[in-house]
Amino acid sequence: MLKSTFTPIYWLLAPKPKPQKLSPNLIKNTFSNSTPHVRQNSSLKHNPTITPTSAYIHLPFCRKRCYYCDFTIVALGSASTQTHDDPRVINYIQLLCREINATKMEEKPAPLQTVFFGGGTPSLVPPNMVSDVLETLKMKFGLSESAEISMEMDPGTFDYKKMQEMMLLGVNRVSLGVQAFQEKLLKSCGRAHGLEEVHEAIDIVKKCGVENWSIDLIASLPHQTSDMWEESLRLAIEAQPTHVSVYDLQIEQGTKFGKLYAPGEFPLPSETQSADFYKMASKMLCDANYNHYEISSYCKNGYECKHNFIYWKNKPFYAFGLGSTSFIGGLRFSRPKKMNEYTKFVQNLENGLINSSSDDNINCKDTATDVVMLSLRTARGLDLKRFQESFGNSLVLSLLEVYKPYVESGRVIFLDEQRRTIRIDEINNSLFYETNSERRVAYMRLSDPNGFLLSNELISLAFGVIDSWNDYPSALQEAT
């Protein structure tokens with residue numbers, strides 16, 4: 001079931017209700033004493049000519065902690081919407097800019113093509129401080145004139161003037177944290193905004209002329225009914241965003257919900273009800289001409305989130321700020337989650353005391369696991385030709401074999417070079433080895449919605465195959 005499946009990399013960077021869980025080894029919270037540890041784990045053999053062109057910026061401030069949230073945030077207080085003179089915000093932005101400036105680069109930087117302000121609630125940060133961060137990024141790395149600059153914004157934390165000021169700074173994509181269109185549900189999950197603020201926020205975004213914007217919704221909230229979920233989806237569609245993200249609530253230990261509720265037990269929806277919610281979202285949004293391009297993401301043509309595709313393609317990216325994790329040169333590098341430790345980290349970074357290198361060899365098994373898991377989140381699926389070039393024929397054939405029963409059940413789909421479906425009775429080894437065959441198995445993806453619903457179980461099968469893989473290559477080939 002989706003409810004118990006994976007949490008992609010970017011949720012460890014940008015807190016959101018978590019749809020899924022990653023493999024335990026994908027990202028580690030690696031801060032120890034004053035020097036964070038690193039893990040070498042690139043999607044493919046590190047090519048020093050490939051430099052990141054994306055940056056995640058963590059702005060951790062929230063008015064209050066939502067009842068489902070276990071992420072790295074700083075709660076300012078329920079009444080905190082004006083933060084221009086808040087020393088906690090001022091000091092953090094200064095610290096963040098210091099981290100950016102102190103970042104060492106082995107290669108000449110390439111201009112950033114995407115910047116994502118996640119949190120937390122980034123829209124609580126005053127525009128002049130957002131400008132400071134963008135100017136620091138521009139001076140350090142360069143910033144493309146056509147860059148996608150995304151910002152998570154919550155209802156009740158911005159007005160028409162602030163939205164216009166953010167747009168003038170270059171923010172051209174907004175992710176609006178609506179979560180539900182029922183006052184009762186918003187209160188029950190501890191959201192700081194109400195329904196009136198939701199409608200006001202949507203009105204502001206549209207009147208300001210934000211072309212590229214998303215609505216975030218959460219399914220499987222306590223006391224949420226099918227009618228409520230249908231209403232939230234309908235109202236989201238009527239608002240006409242270019243993108244909709246749909247997340248299934250996950251109960252985390254240490255949160256208020258974790259103390260009150262057990263997954264699958266009343267007042268939380270059952271597993272069957274959660275599956276029905278997911279199927280309803282897929283049908284209603286697809287019927288409204290949204291493309292279901294990733295497990296939790298739907299968009300109008302041409303409005304996929306470019307920044308998030310960097311994560312799903314396992315490409316390198318910078319990350320800055322409290323608790324964030326970057327992926328550069330095959331290394332996943334986690335920053336501390338506590339402010340005092342993060343402050344020490346920045347000081348040590350400035351003093352050249354942070355060792356972000358590793359003498360370890362790239363772990364082929366971990367790498368293959370990452371590529372499979374992240375690729376199968378998307379409608380494009382796993383590119384088997386490139387995967388074979390990196391990891392060899394035997395692993396690909398083992399994956400094809402283990403997934404054959406799920407092709408028969410319709411949960412996994414094999415596709416040829418033209419992305420036409422290949423029937424199970426057409427599958428044989430020659431279809432993979434014949435590189436010129438129009439009918440060779442070129443891609444593998446999970447079906448929508450039934451395959452996506454079982455993504456935990458289906459991707460776990462790949463983990464098992466990869467774990468028992470012995471004849472992995474001594475060197476990985478570039479294939480992205």
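1. In this predicted model, Arg 332 and Asp 370 form a salt bridge whose closest N and O atoms are 3.4 Å apart. The pair links distant parts of the chain, since Arg 332 belongs to strand β16 (residues 331-334) and Asp 370 to helix α12 (residues 364-375), 38 residues apart. Arg 332 counts as buried at 3% relative accessibility, and Asp 370 counts as buried at 1%.

2. A search of the whole structure gives 15 salt bridges. One of them joins Glu 165 to Lys 161, with the closest N and O atoms 2.6 Å apart. Both residues lie in helix α4 (residues 160-169); because they are 4 residues apart there, about one helical turn separates them.

3. Asp 383 and Arg 386 form a salt bridge with a closest N to O distance of 3.8 Å. Asp 383 is buried, with a relative accessible area of 13%, whereas Arg 386 is partly exposed at 38% relative accessibility. A network of salt bridges is also present, linking Glu 230, Arg 234 and Glu 238.

4. The model contains an open sheet of 9 strands with mixed pairing, in the order β12-β13-β11-β10-β9-β8-β7-β4-β14. Its edge strands, β12 (291-294) and β14 (318-320), each pair on one side only. On average, and with direction ignored, neighbouring strands of this sheet are turned by 20° against each other. Within the sheet, strand β7 (residues 112-118) and strand β8 (residues 143-153) run parallel and are joined by 5 bridges. Phe 116 has Ser 150 of β8 as its bridge partner.

5. His 58 is found in strand β4, which spans residues 54-58. Is His 58 buried or exposed? Its relative accessible area is 2%, so His 58 is buried, given that the cut-off for buried residues is under 20%. The side chain of His 58 makes a polar contact of 2.8 Å with the side chain of Tyr 56.

6. Across the whole structure, 18 aromatic pairs are found. In one of these, the ring centres of Tyr 311 and Phe 317 are 4.8 Å apart and the planes stand at 75°, so the pair is edge-to-face. Tyr 311 and Phe 317 are both buried. The rings of Phe 387 and Phe 391 have centres 4.6 Å apart and planes at 45°, so this pair is tilted. Phe 387 and Phe 391 are separated by about one helical turn, because they are 4 residues apart in helix α13 (residues 384-391). Phe 387 is buried, as is Phe 391.

7. Two lysines may be inspected alongside the aromatic residues. The charged end of Lys 256 sits over the ring of Tyr 67, at 4.2 Å from the ring centre. The charged end of Lys 300 sits over the ring of Tyr 290, at 4.3 Å from the ring centre.

8. The backbone geometry deserves a separate point. Most residues other than glycine have a negative phi, and most peptide bonds are trans. Pro 449 is placed in the loop between β20 (443-446) and α16 (450-453).

9. Gln 240 is not a glycine, yet has a positive phi of about 60°. Gln 240 lies in the loop between α7 (226-239) and β11 (243-248) and is exposed, at 57% relative accessibility. Asn 314, likewise not a glycine, has a positive phi of about 60°. Asn 314 lies in the loop between α10 (306-312) and β14. With a relative accessible area of 3%, Asn 314 is buried, whereas Gln 240 counts as exposed.

Notes. Residues are numbered from 1 along each chain as its sequence is written. This is a predicted model: local features need pLDDT of at least 70, side-chain atom pairs count only at pLDDT 80 or more; totals for chains, interfaces and linings use all residues. Side-chain values use heavy atoms; hydrogens and water are left out. Helices (H or I, at least four residues) and strands (E, at least two) are DSSP runs, numbered from the N terminus. Buried means under 20% relative accessible area, exposed over 50%, partly exposed in between (1.4 Å probe, protein chains only). A polar contact is a pair of N or O atoms within 3.5 Å; within protein, one must be able to donate a hydrogen and the other to accept it, and residues adjacent in sequence count only if both atoms are side-chain atoms. A salt bridge is a side-chain nitrogen of Lys or Arg within 4 Å of a carboxyl oxygen of Asp or Glu. Two strands pair if DSSP finds at least two bridges between them. Axes are lines fitted to C-alpha atoms, for helices over the stretch in contact, and angles run from 0 to 180 degrees between N-to-C directions. Rings of Phe, Tyr and Trp (its six-membered ring) pair if their centres lie within 6.5 Å; planes under 30 degrees apart count as stacked, over 60 as edge-to-face and the rest as tilted. A charge sits over a ring if NZ of Lys or CZ of Arg is within 6 Å of the ring centre and within 35 degrees of the ring normal.
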